[in-house]
Amino acid sequence: MAPTFNNNLPALLPSRAQGTILLDYYFDHVNWIYHIIHKPTVRRLFDSLYTSIELGRIPDYGHLSLITTLFALSAYFCGPKSGLYFKSTEAMTHSRRWTLLAQEALSAANCLTDPTVETLQSLILMAAHMMANIGAIATLRTLSATIMHTARTMSLHTLDTPRNKKLRENTTVNHLDLEVKRRLWWHIASTDWYA
């Protein structure tokens, strides 16, 4: 069953041009905090998402969750002189709206039973955003447990076991995918140790 936001996506999201501005702002001003995404890959996901929406197709919900999470973080962290297309006084409204859309997209993506790199990235960024800025402790605990469960479901904790390293020896390996997954796991592990 398609989520109700599907019919409204063009109204809920910024235009492609505005989305590009938000994505650039994220890369230039926020990305340095979280080292868990690959910029060229995210740009491709962004283009694919907007192309799907413009053609009236159902978007990939995992991609939608990640992109709207990045929009929410851009809006949250923008300053009065950010150069974004909305006034700084409207930033929190946009951030909350895109955070809610990201949460709905995560649910539509069925991220608990069918996790992807993008849904995990979205969960991590949401948790980091809430932990540092909103103070939603109960939500943060739930997200933290979900993140750890999701990473283990994806077997990220076994990426570099001797067995898996040996299995990769005689196969073609997507090193970019492997490195992103490695960064996700170590971000999760170090955050857990820190907390």
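This is a predicted model: local features need pLDDT of at least 70, side-chain atom pairs count only at pLDDT 80 or more; totals for chains, interfaces and linings use all residues.
Starting with the rings, the structure holds 5 aromatic pairs. One of them joins Tyr-26 and Phe-27, whose ring centres sit 6.0 Å apart with the planes at 70°, so this pair counts as edge-to-face. Tyr-26 and Phe-27 are both buried. Another edge-to-face pair is made by Tyr-76 and Phe-77, with 5.2 Å from centre to centre and 85° between the planes.

On to the cysteines. The count of disulfides comes to 0, since a disulfide would need a pair of cysteine sulfur atoms within 2.5 Å. As for accessibility, Cys-78 counts as buried at 12% relative accessibility, and Cys-111 is likewise buried at 8%.

Side chains of opposite charge can pair when their charged atoms come close, and the model has 9 salt bridges. One of these runs between Arg-16 and Asp-47, with 3.2 Å between the closest N and O atoms. This bridge ties together distant parts of the chain: Arg-16 belongs to helix α2 (residues 16–30) and Asp-47 to helix α3 (residues 39–54), 31 residues apart. Neither end is hidden away, as Arg-16 is partly exposed at 25% relative accessibility and Asp-47 is partly exposed at 39%.

Asp-160 takes part in two of the contacts described here. The side chain of Asp-160 meets that of Arg-168 in a salt bridge of 3.1 Å, N to O, and Asp-160 also bridges to Arg-182, where the closest N and O atoms are 2.7 Å apart. The Asp-160 to Arg-182 pair again links distant parts of the chain, 22 residues apart: Asp-160 lies in the loop between α7 (137–153) and α8 (162–168), while Arg-182 lies in helix α9 (residues 175–194). Asp-160 is partly exposed, with a relative accessible area of 28%, and Arg-182 is partly exposed too, at 23%.

How values were computed: Residues are numbered from 1 along each chain as its sequence is written. Side-chain values use heavy atoms; hydrogens and water are left out. Rings of Phe, Tyr and Trp (its six-membered ring) pair if their centres lie within 6.5 Å; planes under 30 degrees apart count as stacked, over 60 as edge-to-face and the rest as tilted. Buried means under 20% relative accessible area, exposed over 50%, partly exposed in between (1.4 Å probe, protein chains only). A salt bridge is a side-chain nitrogen of Lys or Arg within 4 Å of a carboxyl oxygen of Asp or Glu. Helices (H or I, at least four residues) and strands (E, at least two) are DSSP runs, numbered from the N terminus.
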